[in-house]
Amino acid sequence: MSMLSINDINVYYGSIHAVKGVSFDVNEGEIVTLIGANGAGKSTTLNTVAGLLKASSGSIEFEGESLQGVAAHRMVSRGIALCPEGRRVFQNMTVRENLDMGAFTRSEEEAKEMRARVYESFPRLKERRTQPAGTLSGGEQQMLAMGRALMSKPKLMMLDEPSMGLAPVLVQEIFSIIKQLNEQGTTILLVEQNARMALSIASRAYVLETGRVSMSGDASELLHDERVRKAYLGA
Amino acid sequence: MSFLTNLINGISLGSIYAIIALGYTMVYGIAKMLNFAHGDVIMVGGYLCFIVVSHLNLPPIAAILLAVVGCTALGIVVERLAYKPLRQAASLAVLITAIGVSYFLQNSALLIWGADPKAFPSVVPFPSLNLFGGQLTISSITLVTVLVCVLIMVALTTFTSKTKMGKAMRACSEDKGAAQLMGINVDTTISMVFAIGSGLAAIAGVLLCSAYPTLMPTTGSMPGIKAFTAAVLGGIGSIPGAALGGVLLGVIEIFAKAYISTQLADAIVFAVLIVVLLIRPAGLLGKEIHEKV
């Protein structure tokens, strides 16, 4: 049975029909990526799973339970964390405080344990723990956003455009960390415009085009698919 | 010595403004709304305290506690009934609703307690302090007011920087969506900030009525507007800003009354606000907001 199962969801942004009958699955232990152009409905899909947006129809099930009507702030306790597009770290709060917010629903001991784990994955966050998040570089803020999402000890971590606006060397680093987190047992649902990087670490992928799934399959197959190469890999 | 007396009185009046301004600024910081009914919660606090002391003959400390509890509950109920349904509405709609709530509270007080001013009994039964061989007299309420303001500042600063709930409030004030992703219940947090703000308003009400012992249904409006001015002066959304703005405003008001003109005092206070905002639009301790592109 799949961990996350999305079945025929439709999502409207005001009058814009952003997601049109999208279905996909994420199995435990996988890295699944949604790729596609700007405005294809990738972020909308993630925000809907996170409870920030409501699907007008269709079903979303996590570990066999419906997420219909579950408020966004209850998702973390169910084991779903979203690392949002644009990082959205709390600029005026310190790195340490940002991480503490990530563990808001967890006990003090769990927070301590997760903090140690996050500092291990992101040593730079430990160095900068007393600095306000707003003073960090873009790459460091991305690491903080990921660390913060990790603090809730999620079973499923959703990442929305983690490579956005980062230098190539940092993109490499971020992706290797994502892979590492996955190897440590966190299931990953990744939304990316950098299709090449996303496909290179994912097990499976779905291609979104104007709100619909146009293709899906093993990431390695899609990486060599002629249509995907033309449309998303620039080759 | 009169300079010193004026300064102390100014700081004391300013402390009351500061306590009210803290409520304004915290609610603004998190709910992003100007709660113009905030001043009237002060008045309700005053009346609650008055009733308990005058009619029930309970000790002042019980009266203060009751006023705080009553106003806290009032704040939560008002937010739930009047503002929460407008969470997604335009800010103008919320602003007009707040003005409506303000009139509603004033007129309810008029209906319940009548229009005639009540003589407020002092809740601070200590004698005045005489310094320099009687040349400088400081009333006990003046000292207590300043002390309470300092205590509240320390408590709020500790709360927002050290406790989980306080940090969650700061997170909400920065980014409600991201706060929800952390598992923070934004509705509960907003409710809580209204509770804190209204509780502070009750304390301010008791202090205000003890220092200026007439109580009417409109007692809260002018201090409310001045405290709002203080919050803007200090930088709305900033806790130290509210305290600084409040104390400055109080001192300016008392000095203007003493050395320039009693009639012009309020005009001078607002003139200072205008000048400060021309030079520093975000207020003294406010952050300049740079729109992201």
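Three salt bridges span the interface of chain A and chain B, a salt bridge being a side-chain nitrogen of Lys or Arg within 4 Å of a carboxyl oxygen of Asp or Glu. The model is predicted: local features need pLDDT of at least 70, side-chain atom pairs count only at pLDDT 80 or more, and totals for chains, interfaces and linings use all residues. Residues are numbered from 1 along each chain as its sequence is written, chains are lettered from A and ligands numbered from 1 in the order in which they are written, and side-chain values use heavy atoms, with hydrogens and water left out.

**Interface of chain A and chain B**

- One salt bridge joins the side chains of Lys167(B) and Asp100(A), at 3.4 Å from N to O.
- On the side of chain A that touches chain B, α2 and α3 (95–102) of chain A each supply at least two residues; helices are DSSP runs of H or I with at least four residues, strands are runs of E with at least two, and both are numbered from the N terminus.
- The largest share of that side, four residues, comes from α3(A).
- By class, the side of chain A that touches chain B has twelve nonpolar, five polar and five charged residues; Ala, Val, Leu, Ile, Met, Phe, Trp, Tyr, Cys and Pro count as nonpolar, Asp, Glu, Lys and Arg as charged, and the others, Gly among them, as polar.
- Contact, meaning heavy atoms within 4.5 Å, links 22 residues of chain A with 19 residues of chain B.
- The two chains bury about 2,000 Å² between them, 59% of it on carbon and sulfur atoms; buried area is the accessible area (1.4 Å probe) that two parts lose on being put together, summed over both.
- Of the area that chain A buries against chain B, 32% is supplied by His73(A), Phe90(A) and Phe104(A), more than any other three residues.

**Salt bridges over all chains**

- The count over all chains comes to 22 salt bridges.
- Within chain A, Lys155(A) and Glu63(A) form a salt bridge in which the closest N and O atoms are 3.0 Å apart.
- Lys155(A) lies in the loop between α6 (138–150) and β7 (156–160) of chain A, and Glu63(A) in the loop between β4 (57–62) and β5 (65–66), so the pair ties together parts that are 92 residues apart in sequence.

**Second largest pocket**

- The second largest pocket has a volume of about 720 Å³; on a 1 Å grid over the protein atoms alone, a pocket is an open set of points with protein on both sides within 12 Å along at least five of seven lines, whereas a cavity is a set where a 1.4 Å probe fits but cannot get out.
- Grid points are joined across faces, edges and corners, and a volume is the space filled by probe spheres set on the points.
- Its lining comprises 27 residues, with Arg87(B), Gln88(B), Lys176(B), Val186(B) and Asp187(B) nearest the centre; lining residues have an atom within 4 Å of a point.
- α8(B) gives the largest share of this lining, four residues.

**Cavities**

- The structure holds three cavities of 30 Å³ or more, and the largest cavity has about 70 Å³ of space.
- Among the 13 residues lining the largest cavity, Asn35(B), Val41(B), Gly75(B), Phe194(B) and Ser198(B) are the closest to its centre.
- The lining of the largest cavity has nine nonpolar, four polar and no charged residues.
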